[in-house]
Amino acid sequence: MDSVLADAKDRMIKALASLEKDFSHLRTGRASTALLDGIKVDYYGTPTPIDQIASVSTPDSRTITIQPWDRGAFGLVEKAIMKSDLGLTPVNDGKLIRIGLPPLTEDRRKELVKVAKKYAEEAKVACRNVRRDANDSFKKKQKDKSLSEDDARKGENEVQKLTDSFVAKIDQSLAKKEKEIMEI
């Protein structure tokens, strides 16, 4: 029973971590280097993350700067950012690539909140799937007579408590992200 609960908890922790990663890619009112995490540069024929060929920083809340270590990578980094679906325009001054983040419009903020809610719902579904798998495991062990009916029921109750706590954490995370997005 303990191994099933430990596995369920581990999988729910991973679902929450995945949600946090998805949230980090959503643009809020302030600049974040995480916005560029998903962008790959075709560097000598190999798709390479920007942070592996350049130093990325946020000097202020509305600007991201990228300083490639190789002079030949400037154009490649610019092209990769332009191709991405972020809608950002890089400005190259020869030493740095600057990306100015325009303030978000009200409509764009609402769209981002919808996307955040979709990510949160996907995480909740993942937690519910973990709960279902754990409960199926308890039922199977009960049929095999390796677990009593009372222990199986106790295990199902523990999994339900675990699921409820992770759904609450997901809701808290969503509320925090919503507040961040809607903040002007």
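1. Arg-98 has a relative accessibility of 37% and therefore counts as partly exposed. In this predicted model, its side chain meets that of Asp-93 in a salt bridge, with an N to O distance of 2.9 Å. Asp-93 is likewise partly exposed, its relative accessible area being 47%.

2. Across the whole structure, a search finds eleven salt bridges. One of them pairs Asp-133 with Arg-11 at 2.8 Å, N to O. Because Asp-133 belongs to helix 3 and Arg-11 to helix 1 (residues 2-24), this pair ties together parts that are 122 residues apart in sequence. Asp-133 is partly exposed at 30% relative accessible area, and Arg-11 is partly exposed at 31%.

3. A further salt bridge joins Glu-180 to Lys-177, where the closest N and O atoms are 3.4 Å apart. Both residues lie in helix 4 (residues 149-182), with a spacing of three residues, about one turn of the helix. The cut-off for burial is under 20% relative accessible area.

4. Elsewhere, salt bridges that share partners join Asp-7, Arg-11, Arg-132 and Asp-133 into one network.

5. Arg-128 lies in helix 3, which spans residues 106-143. With a relative accessible area of 33%, Arg-128 is partly exposed. Arg-128 and Ser-55 are separated by 73 residues in sequence and by 40 Å in space, C-alpha to C-alpha.

How values were computed: Residues are numbered from 1 along each chain as its sequence is written. This is a predicted model: local features need pLDDT of at least 70, side-chain atom pairs count only at pLDDT 80 or more; totals for chains, interfaces and linings use all residues. Side-chain values use heavy atoms; hydrogens and water are left out. Helices (H or I, at least four residues) and strands (E, at least two) are DSSP runs, numbered from the N terminus. Buried means under 20% relative accessible area, exposed over 50%, partly exposed in between (1.4 Å probe, protein chains only). A salt bridge is a side-chain nitrogen of Lys or Arg within 4 Å of a carboxyl oxygen of Asp or Glu.
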